[in-house]
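Here is a short briefing on a set of chains, their folds and a contact surface. Look over the sequence and structure first.

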Amino acid sequence: MDRAEKAPTYVIGKRPAELDTEDIDLTPVRTYWQLVRTRFVRHRMALISLFVLLALLIFAIVVPLLTGNEYTHAQLKTIGAPASLSAPLGYDEIGQNVFLRLAKATQTSLIIGGAAVTIIVVVGVLVGSIAGYVGGAVDNVLMRFVDVVLSLPVLFIILMIVSFFGTGNVTVVVIAIGITGWTLAARLIRAEFLSLREADFVQAARALGASHLRIVLRHILPSAMAPLIVAAALGVADSVVTEAALSFLGFGISRPDVSLGNMLNNAQDYFVRQPFLVLPPGIILVLIVLSASFFGDGLRDALDPRQRIEASE
Amino acid sequence: MTAVRTYPTDLVPEAAQTLLEVRDLKTHFYTNDGVVKAVDGVTFSIRERQTLGLVGESGCGKSITAMSILRLIGRPGKIVGGEIRLRDKDIMRMTEAQLRDVRGDQISMIFQEPMTSLNPVFSCGDQIAEAVSLHEPVSHKEAWNRAVEMIGAVGIPDPARRAKQYPHQLSGGMRQRVMIAMALSTNPELLIADEPTTALDVTIQAQILELMKSLRERNKMAIMLITHDLGVIAEMADDVVVMYSGKVMERADVTTTFESPHNPYTRGLLASIPRMGERRKRLEVIQGTVPSPLNLPTGCLFKRRCPYAMPVCDTAPPLQELRPGHVSRCWLTAEGAAPTIGENPSKELAEETAKAMTVDA
Amino acid sequence: MVSYIARRILQAIPILLGMSIIVFAIVHIAPGSPVDRFRSPRVSADQIASLIQRYGLNKPLIEQYIAWITSFVQVWRPDSWGYSFLDGQPVIKTFLARAPATLLLTGCALLATIVFAIPIGVLAAVKQYSWTDKIINTLATIGYAMPSFLLGTYILFIGGVYLGWFPLFGMQTLGHKNDYLDIGWHLVLPVTSLAIQGIAAWARYMRASMLDVLHQDYIRTARAKGLPGRTVIGKHALRNALIPIVTLLGLTVPTLIAGAAITEFIFTWPGLGQTFISSVGTRDYPMVLALTMVGGFAVILGNLIADVLYGVVDPRIKY
């Protein structure tokens with residue numbers, strides 16, 4: 001005999017008791033981007049970094065805009081002069097205003113970093129999306145190519161390119177950094193494309209008759225952007241550091257142009273007489289890297305969180 | 001569901017001693033969004049060689065209850081109150097060393113996901129032998145032999161070869177058997193099985209349950225079986241605890257639970273099981289959804305979904321003892337009528353009555 | 001396993017070839033010709049022409065490439081890598097003379113990195129959210145953010161100039177040839193500089209990997225068995241957490257090469273990195289080509305070793 005037969009029937013059709021208004025479930029509903037913003041804001045460090053980056057940007061844009069060529073003015077009488085109101089960081093070894101040079105240097109470095117990252121992103125997206133979307137033999141060939149570029153010792157190649165094609169030429173530096181750095185972006189995009197290619201919403205778009213280009217541009221690419229944005233944020237910092245290293249070694253920007261790297265190089269030469277000259281460019285450099293790093297971390301967490309309550313002790 | 005019990009009830013004599021007593025257990029999680037009271041005042045006990053079934057929907061707190069017993073709760077969770085007595089010792093007051101003695105030796109636990117519960121870089125035999133040599137003074141060789149023996153005992157053919165294999169070389173069902181072997185290798189008095197068959201195929205499920213039944217007889221051990229599957233409860237359990245949103249809604253022996261449940265929630269659960277041979281136009285459901293733990297209703301947690309809800313349900317209902325061994329958290333009387341204080345009494349009267357009527361055992 | 005290694009070596013060959021083409025192309029597409037350094041009023045046009053003839057610089061690029069690559073692979077011949085434009089010595093000879101210095105530097109730095117980074121990372125993961133974790137995380141982030149040349153410069157000035165405890169340049173003090181203690185004394189600053197960045201990066205990876213592992217179900221099982229915390233972490237968690245770290249080895253070779261070059265530059269350490277920088281500056285093409293190829297080879301070798309180690313350490317991988 002089935003035990004269940006003896007169970008009393010549940011009351012069918014009777015609705016739950018009328019609800020009090022105070023007792024309605026009030027958990028708010030949020031959209032995806034609102035959630036992203038909430039999660040990002042929770043990262044104090046990421047938020048602080050965002051402000052620091054903005055401050056640096058303003059510093060790099062406004063000060064050179066207002067003062068123009070003044071950073072190149074070198075006067076004998078101001079060599080090694082101490083700080084004053086118009087020169088908050090004093091003067092350097094050939095009489096130039098350190099503060100103004102710093103601003104211009106930050107600008108140059110950030111421009112180089114931004115331009116290099118643009119190349120990285122463009123080339124990376126091109127290679128990665130074609131490899132990931134088309135797949136097959138094309139993917140194979142492209143990935144072999146990526147392997148070759150990855151196997152090159154990056155610093156050596158950059159040094160070679162810059163040294164042979166024109167030391168001190170900003171364009172050459174940007175191109176050198178760009179064409180050696182796109183491999184990571186390509187891999188990221190390719191991975192995303194490979195997985196998104198089979199996603200249901202892509203199949204649906206295909207069923208509706210969308211052309212390949214439209215699918216890639218309108219459907220897949222926006223979803224694949226998340227890791228790319230993070231990589232780009234970190235890539236800017238990376239490029240700035242690479243440029244600084246280049247200039248430090250004597251291959252990058254040289255006087256009268258100024259970048260964070262060559263400020264450091266100059267400061268090193270005059271270390272004995274003015275030891276503190278190494279500090280401003282170094283600090284700005286570290287600030288850029290740190291804030292880009294935290295910003296990137298915060299972005300990554302905000303765009304793709306994994307919050308689980310785990311049991312352990 | 002079958003009414004034929006394969007477990008002879010006389011193996012659990014009424015005089016069997018209490019093995020585990022959980023009293024007013026409270027485990028809270030302090031998350032960014034607020035405090036989640038995953039387990040909020042749960043009480044039950046398990047006798048020697050008894051099988052207790054812990055039933056409820058996902059998220060009702062049954063797994064957390066099990067893990068709290070072995071104090072396996074980590075940040076942001078914390079056991080904030082209650083007693084857990086293993087015979088005469090309070091687990092909550094034990095030192096780390098004493099606790100480790102209990103774990104895996106007197107109380108063993110197996111988990112839901114056999115695919116990921118075994119360490120992928122150690123062989124199956126190693127992991128079982130580790131459990132054995134941890135709790136018993138045996139040599140490495142003896143521990144290994146015991147491991148192979150246990151793998152055989154859980155029905156895996158060619159145990160000597162399998163013991164040397166790694167978890168990824170075994171299927172899901174076999175991995176769960178290895179987990180059971182590991183848990184039973186130290187002859188525990190209580191086995192806590194947290195949804196042991198949920199992640200497995202139905203046919204494998206049946207095999208694992210049969211295995212557990214035979215081992216239960218062989219080892220004479222008690223089992224605390226956690227599941228959301230009422231069919232498994234009907235097959236295995238002696239007594240049933242029904243949980244909802246961190247609280248015990250009903251507690252009774254298995255026959256009473258299935259034949260004459262009292263609590264509307266339990267009745268709703270039973271009613272929603274489709275039965276063979278029945279012709280219906282619609283499936284029976286419990287209206288509404290489980291409340292968000294951050295936004296619990298005042299009073300009875302089930303009131304928003306209960307067809308019997310009355311205004312008095314705005315006050316937390318008492319945990320009444322309807323008969324010896326049968327408690328239910330509800331305002332309805334044992335016959336299912338409105339309480340003696342009426343459907344809409346004053347708040348003070350309701351609270352006082354609830355306090356007076358509640359038993360805490 | 002052996003067949004896997006053989007397969008990987010075969011796969012590496014086209015990559016090396018591709019690399020050689022790219023490097024060769026860069027050198028020869030660059031403006032200017034190798035003989036430009038010899039152009040001066042004292043050198044006649046005929047001498048220049050004969051130089052061009054002798055080095056085969058007027059032949060088509062493909063021929064030049066083939067000539068170069070076929071010679072390059074015959075490493076048993078002392079002149080296979082050509083002669084340096086700077087000092088006329090066979091490139092291979094200079095390479096072999098300078099290689100030990102670089103290997104010593106990078107070897108010690110790698111060792112220091114592993115020895116320090118792994119315990120630090122494990123500690124930070126185990127004590128997540130505590131002050132220890134926060135401090136370690138902050139220090140690691142700062143160490144990681146600091147560019148290697150910056151760090152190197154500051155370390156040189158603090159250790160060598162301000163404190164004066166360590167020598168300012170070179171590998172050995174004059175007159176103390178092959179004195180191990182002396183070399184060790186010279187090693188301290190450059191190794192510290194090279195290692196700090198490595199420790200910062202690896203500690204973060206170790207922490208992340210450990211955190212990942214600590215949340216796995218089998219750790220919960222291990223605790224439920226009654227294992228003491230030390231065993232759970234030291235045996236069950238660590239073995240699993242180290243697996244992705246092993247693959248890191250391959251990825252850090254390029255960073256190590258770049259870092260070594262910069263460090264050698266700052267501390268005037270007589271190794272291959274410094275050689276490369278000066279040969280790039282002076283357009284010593286044979287040296288540049290050879291060293292770049294060696295660098296690429298090191299990267300590929302590092303990746304291969306990392307993949308093989310990965311197969312050894314993780315029983316789930318079948319080759």
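**Chain A: fold and packing**

In chain A, 68% of the contacts with a separation of 6 or more join residues 24 or more positions apart. The model is predicted.

- Chain A has 11 helices and zero strands.
- From the N terminus on, the order of elements in chain A is α-α-α-α-α-α-α-α-α-α-α.
- Chain A has 313 residues, and 42% of them count as buried.

**Where chain C meets chain A**

- On chain C, 37 residues are in contact with 32 residues of chain A.
- Elements of chain C that give two or more residues to this side are α1 (2-29), α5 (131-145), α6 (148-162), α8 (217-224), α9 (229-267), α10 (272-281) and α11 (285-313).
- By residue class, the side of chain C that touches chain A has 27 nonpolar, eight polar and two charged residues.

**The sheet of chain B**

- Four strands of chain B form an open sheet in the order β2-β1-β4-β5, and the pairing is antiparallel.
- The edges are β2 (34-47) and β5 (89-90) of chain B; each has a single partner strand, so one side of each lacks a neighbour in the sheet.
- Strand β1 (residues 18-31) of chain B runs antiparallel to β2(B), and 11 bridges join the two.
- His28(B) has Lys37(B) of β2(B) opposite.
- In general, strands of a sheet pair through backbone hydrogen bonds, either parallel or antiparallel.

Terms used: Residues are numbered from 1 along each chain as its sequence is written. Chains are lettered from A and ligands numbered from 1 in the order in which they are written. This is a predicted model: local features need pLDDT of at least 70, side-chain atom pairs count only at pLDDT 80 or more; totals for chains, interfaces and linings use all residues. Two residues are in contact if their C-beta atoms, placed from the backbone, lie within 7 Å. Ala, Val, Leu, Ile, Met, Phe, Trp, Tyr, Cys and Pro count as nonpolar, Asp, Glu, Lys and Arg as charged, and the others, Gly among them, as polar. Two strands pair if DSSP finds at least two bridges between them. A residue is buried if 20 or more other C-beta atoms lie within 10 Å of its own, exposed if 12 or fewer, and partly exposed in between; C-beta atoms are placed from the backbone.
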